[in-house]
Structure formats: C-alpha cells, structure tokens
Amino acid sequence: MSEHQHHIQLAEESLAKQTTTLNLGPTHPATHGIFQNILEIDGEKVLSSEQTVGYIHRAFEKIAERRPYYQITPLTDRLNYCSSPINNMGWHMTIEKLLGLKLPKRVDYLRVIIMELARIGDHLICNSVVAVDTGALTGFTYVFQWRELIYEIYEEVCGSRLTTNIGRVGGFERNFSDVAWQKLKKFMDGFPKVMKEFEALLNRNRIFMERCIGAGPINAERALNYGFTGPNLRAAGVDYDVRVAQPYSSYEDFDFTIPVGTTGDVYDRYMVRNDEIWQSYSIIQQAIAKIEEIEKADPAQKNIFYAPEADKFHLPPKEDVYTKMEALIYHFKMIMGEIEAPPGEVYHAVEGGNGELGFYLLSDGGRTPYRLHFRRPCFIYYQAYPEIIKDGLLSDAIITLSSLNVIAGELDG
Amino acid sequence: MALTNETIQQKLSEKFGEQLTEWQEPYGMLTFRAPSEMNLKVMQHLYDDMGFRFLTDLTAVHYPHSVNEELCVVYHMHNLVDNVRLRFKVFVPISKPDVFTATQLFSAANWMERETFDNFGVNFVGHPDLRRILNVDDMDYFPMRKEYPMEDPTRTDKDDEMFGRGGTVV
C-alpha cells in the first residue's frame with residue numbers, strides 16, 4: 001500500500017475553471033445505494049461524469065470457490081437484494097442443469113409464482129422510487145404495503161424476508177403452507193385495485209410526464225451495444241426477454257406479452273415496468289390455476305415440492321434425520337459439504353428484476369465450483385450512465401439513476 | 001436460414017480453417033478455442049457476418065497447472081435474431097497475459113474487461129482505461145488467481161482436505 005496524501009491539493013487550473021465539480025454520492029439519499037458519481041456541471045447541465053464502483057464489493061466469486069454448492073445460495077441473495085428469490089432460483093437451476101435434472105411441473109409452477117412475486121416486488125420498488133425522486137411520495141406509501149405482503153409470503157415459504165435463501169436444488173425445502181396460500185390469495189385479490197390507484201396517480205399525471213418524458217433516453221442500438229438487458233433494454237424497443245428466448249422453469253407453458261417502449265427514456269422504463277407488473281400478475285394467476293388443475297387430476301401431487309432425483313442435494317425431512325440411519329448420513333454429508341457435482345461447464349441465465357442474470361459455472365467434479373462467474377446485469381448497463389446523462393440536467397441525472405434501477409449489491413458483486 | 005450450432009461451426013471453419021479448435025457443445029452451447037491473437041478477428045466476423053451483436057459475458061479462468069496457457073479468457077456472445085448463444089475461449093501465458101480489447105466493438109466490454117483485469121491481471125491491449133474497478137486502487141496482486149487461497153494457509157483446522165479438495169491449493 002502506498003502512502004496516502006493527507007494535505008489538500010487543488011486540481012490544476014481549478015481556480016480558473018468555469019464549471020463546477022459536484023460529488024454525487026457515495027452516500028447520497030438520491031442514489032439509493034453506495035455509488036459515487038463525480039459530475040462536472042455547468043449550471044444545471046451535466047458535462048461529464050466519472051463513476052466509482054466497488055464500495056460494497058464482497059468477492060462472492062472468490063468465496064464461492066470454497067463453498068459447497070448449497071452454501072452459495074445465500075451469496076446470490078445479496079446480489080440484487082430487491083428480488084433475491086430470482087437469484088436463488090437461477091442458481092438452483094444452474095446446478096440442476098449441471099446435474100441434468102428435470103423437475104415435476106408443480107415445482108416449476110411454484111417457482112414461477114415466487115419468481116414473479118419477486119419481479120413485482122422489484123418493479124414496485126423501482127417505480128415508486130422513481131416517483132419519489134420526482135417529488136411524488138404518495139404512490140410509494142400505497143404500494144409498499146403490498147410489497148410487505150409479498151415479503152410475508154416469502155416468510156411463510158422459507159422463513160426469511162429480504163435475503164431469502166429460498167428453495168433448494170431440486171425444488172423447495174418444504175411445501176407451501178396453508179397460510180402461504182391464504183396470503184397469496186389475499187395478494188391476488190387486493191393488489192390490482194392498489195396498482196390501478198398507483199397508476200392513476202402517475203401514468204397520466206401531467207407533472208410526472210413532463211418530468212420523465214425525454215429524460216435520460218438511450219436508443220436501441222446503443223443499449224444493445226452497452227449490454228443492456230431486462231426492462232431497460234425493452235424500454236429502448238428491443239423485445240428480448242430470457243423467459244421467452246430461452247424458457248426455463250416451464251415458462252413456455254404461460255401466456256404473456258413482453259411490453260416494449262420506443263425512446264428508452266425514464267417514462268418508457270417506468271411504463272415497461274408497470275406493464276410487466278401486470279404481466280407477472282397474470283402469470284401468477286395462470287400458475288395457480290395450473291397447480292389446481294394438477295392437484296385435481298392427481299391429489300397425491302399436493303405433496304410434491306421437490307424432484308426426488310435431487311436427493312443428493314435435498315436435505316431429508318428432520319423427523320427422518322432423527323429416526324433413520326440413511327437420512328442421518330445424508331444430512332451430515334450435505335451439511336459438511338461432501339457432495340460432489342459432476343464436471344461440466346454451464347451457462348444458465350434467468351430474467352432477473354434488472355435483466356439477464358447469468359451464472360457461468362465451471363465444475364471440475366469437486367465439492368465446490370472451480371470457477372463461478374455472475375453476469376450481473378446492473379454492472380454491465382451502469383457503465384452507460386455517463387453517456388445517458390451527458391448534456392442533460394442534473395435533476396434528470398437523478399431520476400435516470402433511479403429508473404435504471406441500479407442495485408449496489410448487484411453492481412459490486 | 002436460421003443458424004444452428006452445426007452451421008455456425010461450418011461457417012467459422014470455412015473462414016478460419018484449422019485455427020479454431022476444441023469444438024464442444026456442453027449443455028447445448030457451442031464452445032471453441034481460438035488463438036489468443038485471433039480473438040478480435042473471430043469476434044468481428046461473428047459480429048459482421050453472423051449477427052452476434054450482443055456480448056453477454058466476458059470473464060477469465062485461471063488454470064495454474066497448464067504451462068504457458070494459465071489464463072483463459074471466456075467470451076459469451078448472443079445472436080438475438082436467431083436466438084443462438086456461443087462461447088469461445090482464448091488462452092494466454094500468465095507471464096505475458098496480452099489479449100486484444102473488445103471495446104471498439106462492444107461498449108459493454110469496457111467494464112467487463114476492467115473487472116477481468118482487476119481480478120486476473122489479463123492485459124487488454126488497446127483498452128481506453130484499464131484500471132482496477134472493484135478492488136482498491138493500490139492493491140498489488142490479482143486476487144482471483146488460484147495461488148491466493150480463501151483461508152489463511154497457516155491454519156490447520158481449515159485444511160483444504162476438509163473441504164473436498166485434496167491438499168493445499170497451489
């Protein structure tokens with residue numbers, strides 16, 4: 001480590017310059033996370049900006065090289081912590097792909113319910129925060145009660161709320177409880193009304209529209225070149241969605257549309273996310289109906305919540321661990337991380353809250369990955385930020401940042 | 001005609017002949033190896049003539065035991081029109097880890113290459129701003145290389161043998 005300089009040094013010619021240097025972040029209330037932008041502004045116009053990232057870099061890829069597969073799930077929680085279940089499921093599916101497992105339909109649909117709830121939760125945060133940054137606090141308070149209910153559903157399924165560690169390789173750790181189904185029903189019954197109210201507050205709100213339309217635009221070509229995915233890419237007019245392009249977890253069974261925008265500005269990103277919330281809502285409805293159908297055809301299916309072939313990775317029920325020798329042995333083997341995965345090279349992508357969340361896993365046949373790389377959508381598209389805000393207003397830069405939905409955990413890995 | 005793994009392999013072989021090797025299809029994704037100085041040519045060809053306009057991912061892997069090809073840079077590319085992905089790799093010696101930058105073709109490569117430089121020390125020749133990105137600026141080693149174990153190597157209770165990898169990591 002070189003010696004740090006402690007005296008203040010003025011940049012060369014800083015006294016003569018006509019523009020202002022503004023430090024936006026690292027801990028600024030409007031950045032919603034720890035990242036820094038050093039802006040060069042002329043009045044209110046942004047001339048250039050320089051980003052600093054890595055404030056909460058935790059070296060997950062390195063840590064993962066020493067963790068048994070099931071212990072990596074909690075690391076994925078902490079990537080995009082606004083929609084942890086999607087990260088968890090993506091990681092489980094990566095291992096399942098490596099093992100060549102195919103899950104029962106009911107498990108796939110249960111996963112779809114959880115993932116779409118997570119997407120709704122993620123988009124609710126992003127959209128309501130865009131509104132907050134434009135000065136409209138009310139919508140935020142409306143929808144947050146319903147995000148709270150989504151978290152309660154997670155809690156019923158897996159026991160935790162924000163960093164969920166939900167599900168296991170091969171399915172879920174336990175079946176959905178009755179309370180979970182009741183809470184899901186409550187959500188399905190009450191949410192549309194509130195969402196409509198939220199939309200009525202903002203969608204055609206003159207002030208909101210004036211504020212967002214034309215702010216922070218990016219065209220389709222630049223967005224693709226910058227590696228944009230998810231709602232931000234779709235707002236620019238490219239209909240790429242991993243759920244459709246490479247369906248996983250039986251997404252091909254569902255009927256839904258991919259909303260796209262045209263100009264890729266803040267308003268388009270907001271509208272795309274809003275429409276995706278409705279699409280996710282419809283997917284959950286379809287999933288519930290499909291599960292009911294399966295259970296009606298064969299009541300024994302009610303107890304299926306994981307693939308039996310995944311027994312090497314799925315912890316046996318606690319009562320068996322206390323009474324049966326084999327279950328006890330498996331329990332210990334798993335907890336001590338003595339389960340070996342076959343060698344292989346897998347890339348698996350899921351449609352996360354912010355776009356294509358990819359897992360590049362290289363296994364050499366050991367108990368831990370030889371190399372694991374997360375393709376974190378935020379990290380890739382956040383580098384376009386200086387180009388997007390250049391020559392715009394400072395206040396547009398703020399709402400652009402929140403509408404891009406940059407999540408510090410995902411950004412820094 | 002929609003692209004499939006076979007047609008891609010055929011087209012690339014016609015263009016580059018024997019220079020592309022180790023064709024594989026793990027879990028359905030076409031994978032091959034290119035000579036390290038050819039990475040840009042291959043990428044440009046994929047971009048211009050075969051519609052691979054999206055750089056999905058760029059990262060590296062360290063193989064400490066393969067002499068003179070210790071570092072492997074892995075590219076994942078995506079043709080969104082035909083909906084095909086492919087992966088290709090270049091190998092470079094750790095003593096001279098020079099690979100051409102992809103930033104001229106993909107703006108997205110900028111930070112991905114910085115991250116790879118930061119973690120593995122791959123030198124992307126021609127990169128406009130090759131600095132560390134996630135780790136502290138005055139770090140003087142490349143932490144994702146295998147010679148840096150996660151745990152303190154002097155501790156005996158956390159021997160690698162207990163974690164499924166016989167002996168200590170070299």
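User: Let's start with A:Arg234. Is that side chain buried or exposed?
Analyst: A:Arg234 counts as buried, at 1% relative accessibility. Buried here is under 20% relative accessible area, exposed is over 50%, and partly exposed is in between (1.4 Å probe, protein chains only). Keep in mind that this is a predicted model, where local features need pLDDT of at least 70, side-chain atom pairs count only at pLDDT 80 or more, and totals for chains, interfaces and linings use all residues. Residues are numbered from 1 along each chain as its sequence is written, chains are lettered from A and ligands numbered from 1 in the order in which they are written, and side-chain values use heavy atoms, with hydrogens and water left out.

User: Which residue does A:Arg234 form a salt bridge with?
Analyst: A:Glu351, with the closest N and O atoms 3.1 Å apart. A salt bridge means a side-chain nitrogen of Lys or Arg within 4 Å of a carboxyl oxygen of Asp or Glu. A:Arg234 sits in helix α9 (residues 230-235) of chain A and A:Glu351 in strand β4 of chain A, so the pair ties together parts 117 residues apart in sequence. Helices (H or I, at least four residues) and strands (E, at least two) are DSSP runs, numbered from the N terminus. A:Glu351 is buried too, with a relative accessible area of 1%.

User: What network of salt bridges is A:Arg234 linked in?
Analyst: One that links A:Glu116, A:Arg119, A:Arg234, A:Asp241, A:Arg243, A:Glu276 and A:Glu351.

User: How many salt bridges are there over all chains?
Analyst: A search of the whole structure finds 35. One of them joins A:Asp189 and A:Lys185, with 2.8 Å between the closest N and O atoms. Those two are separated by about one helical turn because they are four residues apart in helix α6 of chain A. Both A:Asp189 and A:Lys185 are exposed.

User: Switching to the interface: how many residues of chain A are in contact with chain B?
Analyst: 49 residues of chain A are in contact with 51 of chain B, contact being heavy atoms within 4.5 Å. Between them the two chains bury about 4400 Å², 52% of it on carbon and sulfur atoms. That buried area is the accessible area (1.4 Å probe) that two parts lose on being put together, summed over both.

User: Which three residues supply more than any other three of the area that chain A buries?
Analyst: A:Lys62, A:Arg66 and A:Glu345 supply 19% of the area chain A buries against chain B. A:Glu345 also meets B:Lys89 in a side-chain salt bridge (2.8 Å, N to O). The count between chain A and chain B is six salt bridges.

User: And where does the largest share of chain A's side come from?
Analyst: Strand β4 (residues 344-351) of chain A, with five residues.

User: What about aromatics, how many pairs over all chains?
Analyst: There are 33 aromatic pairs. Rings of Phe, Tyr and Trp (its six-membered ring) pair if their centres lie within 6.5 Å; planes under 30 degrees apart count as stacked, over 60 as edge-to-face and the rest as tilted. A:Phe172 and A:Phe176 are edge-to-face, at 5.4 Å centre to centre and 85° between the planes. A:Phe172 is buried at 0%, and A:Phe176 is buried at 6%. A:Tyr370 and B:Tyr63 are stacked, at 5.6 Å and 15°, and that pair crosses between chains.

User: Which residues form the aromatic cluster with B:Trp111?
Analyst: A:Phe35, A:Phe379, A:Tyr382 and A:Tyr385 form one cluster with B:Trp111.
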